[in-house]
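Me: I have a structure to read and would like to know what stands behind the terms used for it. Please take them with me.

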Amino acid sequence: QVRLVESGGGSVQAGGSLRLSCEASGYSVRNYCMGWFRQAPGKEREGVATIVIDDTGTYADSVKDRFTISRDNAKNTLYLQMNSLKPEDTAMYYCAGVKGAWGRYTCPPAAPGNFAYWGQGTQVTVSS
C-alpha cells in the first residue's frame, strides 16, 4: 500500500548541485517522520537527514550546511537539496518513512532500523 519513489539522481561534477525528490503514495509525508539515507559500495547504509512534522531538519555532520531536507505537503513529496557536492557523496540515496506516529518535534534517530518504509533508491555520482 505504501510506495516511495525517488527521482532526481544523476551524475554531476564536484561542487555542483542536485535535488532529489521522493513521491509518496499510501503514506502522508505531512504526518510522519521521514529521512534520507545513502549507501556507497562496500559501506553500510547511513542516515543523511531526517525531518520532523514541524519541518525541522537534522543532518549528519558530513552534510551539514550543504544539504537541506524539506517537504511539500500539497504534493506529498519529500526533497533533499544537495549543494557543493563532493565525490564522497557518491552513493545510492533512499528516502524512508517511519511507520508509527511520533510527536511534532520528535523523530527516532537516523538509523535504518527505525524506518519501516523505503524507496528503491536513486543513484548520485559526483566526479572530481
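This is a predicted model: local features need pLDDT of at least 70, side-chain atom pairs count only at pLDDT 80 or more; totals for chains, interfaces and linings use all residues.

Me: What makes Cys-22 and Cys-95 a disulfide?

Reply: The cut-off is a pair of cysteine sulfur atoms within 2.5 Å. The sulfur atoms of Cys-22 and Cys-95 are 2.0 Å apart, so the pair meets the rule. A disulfide is a covalent bond between the sulfur atoms of two cysteines.

Me: Where in the chain are Cys-22 and Cys-95?

Reply: Cys-22 belongs to strand E3 (residues 18-25) and Cys-95 to strand E9. The two are 73 residues apart, and the bond links distant parts of the chain.

Me: Are Cys-22 and Cys-95 buried or exposed?

Reply: Buried means under 20% relative accessible area. Cys-22 has 0% relative accessibility, so it counts as buried. Cys-95 also has a relative accessible area of 0% and is therefore buried.

Me: How many disulfides are there by this rule?

Reply: The count comes to two. The other bond joins Cys-33 to Cys-107, with an S to S distance of 2.1 Å. This value lies within the 2.5 Å cut-off, so the pair is a disulfide too.

Me: What does the bond between Cys-33 and Cys-107 tie together?

Reply: Cys-33 lies in the loop between E3 and E4, while Cys-107 lies in the loop between E9 and E10, so the bond ties together parts that are 74 residues apart in sequence.

Me: Why is the disulfide of Cys-33 and Cys-107 called left-handed?

Reply: The torsion about its S-S bond is about -105°, so the disulfide is left-handed. The link of Cys-22 and Cys-95, with 50° about the S-S bond, is right-handed.

Me: Why does Cys-107 count as buried?

Reply: Its relative accessibility is 18%, and the limit for buried is under 20%, so Cys-107 counts as buried. Cys-33 has a relative accessible area of 1% and is therefore buried as well.

Me: What is the pairing when the bonded cysteines are numbered in sequence order?

Reply: The pairing is 1-3, 2-4.

Me: Why is strand E9 called largely enclosed?

Reply: Strand E9 covers residues 91-97, and six of its seven residues are buried, so the rest of the structure largely encloses this strand.

Me: Which strand does E9 join over three bridges, and which over two?

Reply: Strand E11 (residues 122-127) pairs with E9 over three bridges in the antiparallel sense. In E11, Gln-123 is the bridge partner of Met-92. Strand E10 (residues 117-118) pairs with E9 over two bridges, also antiparallel. The rule asks for at least two, so this pairing counts. There, Gly-97 stands opposite Tyr-117.

Me: Is Arg-38 buried or exposed?

Reply: Arg-38 is found in strand E4. Its relative accessibility is 6%, so Arg-38 counts as buried.

Me: What makes the link between Arg-38 and Asp-89 a polar contact?

Reply: A polar contact needs N or O atoms within 3.5 Å, one able to donate a hydrogen and the other to accept it. The side chains of Arg-38 and Asp-89 make such a contact at 2.9 Å. Another polar contact, of 2.9 Å, joins the side chains of Arg-38 and Tyr-93.

How values were computed: Residues are numbered from 1 along each chain as its sequence is written. Side-chain values use heavy atoms; hydrogens and water are left out. Buried means under 20% relative accessible area, exposed over 50%, partly exposed in between (1.4 Å probe, protein chains only). Helices (H or I, at least four residues) and strands (E, at least two) are DSSP runs, numbered from the N terminus.
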